[in-house]
Amino acid sequence: MKALETSLALAEAATEPSDEALCRAFLAGDEAAFGTLVERHRALVFSLLRRYTARPEDAADLAQQAFLRALEASRRVFARWSLSGPAPFRAWLVRIALNLAKNHARQGRRWLQAVQHPETEAPGESAQESLERSERERQVRAAVLTLPRRQREVLTLRVDGGLGFRDIAETLGITETNAKVNFHHAVKRLRAQVAEPSEEER
């Protein structure tokens with residue numbers, strides 16, 4: 001029975017239209033196709049924007065703005081894609097979201113506000129452990145803000161957006177090698193700034 005359910009799930013996934021097919025369907029007048037694209041990429045956009053906001057509500061508002069901007073520009077952009085080849089919808093949408101995120105972050109550096117509202121204490125944590133975890137989260141948030149712009153963008157798209165290096169390169173207009181190098185340097189820099197405390201320091 002389980003094998004049958006797995007086979008049905010795989011068959012259903014195989015029949016789902018690609019982003020490119022949905023873009024073309026929307027361009028041909030199928031309004032519902034854009035809604036399918038929104039649902040398909042909603043979690044990715046929210047995850048990306050959440051990194052730049054102090055509250056989930058802010059990320060949700062920015063996500064809505066991103067989809068509205070995409071909708072407003074869709075017919076013009078989709079028409080251009082239909083003439084030039086594949087439709088890189090996800091990379092284009094992530095680029096819109098990333099621009100909104102950067103503008104939001106510049107307006108008061110709101111990441112830093114998040115440290116004033118510590119996360120809910122994890123089950124089984126002592127007060128000391130919760131305090132140490134909150135402090136490390138604060139350090140990481142602050143350290144990410146000090147990264148060079150490109151390193152921060154690549155890190156955010158890789159960690160929060162879950163994008164592969166090829167998609168990151170396409171989104172940012174850089175080479176795949178450049179994306180990998182920036183990610184490597186970002187991780188190395190963060191590790192140096194937020195090092196694990198030694199036994200003597202604990």
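Predicted model: local features only at pLDDT ≥ 70, side-chain atom pairs only at ≥ 80, totals over all residues.
Residues are numbered from 1 along each chain as its sequence is written, and side-chain values use heavy atoms, without hydrogens or water. Local features need pLDDT of at least 70 and side-chain atom pairs count only at pLDDT 80 or more, while totals for chains, interfaces and linings use all residues.

The chain has 9 helices and 0 strands. Helices (H or I, at least four residues) and strands (E, at least two) are DSSP runs, numbered from the N terminus. Of the 202 residues, 37% are buried; buried means under 20% relative accessible area, with a 1.4 Å probe and protein chains only. The chain exposes about 12,100 Å², and carbon and sulfur atoms supply 53% of it. These areas come from the Shrake-Rupley method with a 1.4 Å probe. Contact means heavy atoms within 4.5 Å. Among contacts with a separation of 6 or more, 64% join residues 24 or more positions apart.

Now the interior. A nonpolar core is a set of buried Ala, Val, Leu, Ile, Met, Phe, Trp, Tyr and Cys residues joined through side-chain atoms within 4.5 Å. The largest one holds 42 residues, and Phe78, Phe89 and Trp92 touch the most other members. Two or more residues come from each of α2 (19-27), α3 (31-50), α4 (56-84), α5 (89-106), α7 and α8. Take Phe89: leaving aside neighbours within four places in sequence, Phe89 contacts Asp19, Cys23, Phe34, Leu37, His41, Phe78 and Trp81. Another core, of 8 residues, lies apart from the largest one and includes Ala143, Val144, Leu147 and Leu155.

Turn to helix α9 (residues 176-193) and its contact with helix α8 (residues 165-172). Their axes are 8 Å apart, at an angle of about 105 degrees. Axes are lines fitted to C-alpha atoms, for helices over the stretch in contact, and angles run from 0 to 180 degrees between N-to-C directions. The two helices are therefore roughly perpendicular, a label for angles of 65 to 115 degrees. Helix α8 brings Phe165, Arg166, Ile168 and Ala169; α9 brings Glu176, Ala179, Lys180 and Phe183. By class, that contact has 5 nonpolar, no polar and 3 charged residues. Ala, Val, Leu, Ile, Met, Phe, Trp, Tyr, Cys and Pro count as nonpolar, Asp, Glu, Lys and Arg as charged, and the others, Gly among them, as polar.

Helix α7 (residues 149-159) also meets α9, with axes that come within 8 Å and cross at roughly 95 degrees. This pair is therefore roughly perpendicular too. The α7 residues in contact include Val154 and Leu155, and those of α9 include Phe183 and Leu190. The class count is 8 nonpolar, 3 polar and 3 charged.

Conventions. Parallel < 35°, antiparallel > 145°, perpendicular 65-115°, else oblique. Buried < 20%, exposed > 50% of the residue type's maximum accessible area, 1.4 Å probe, protein only.
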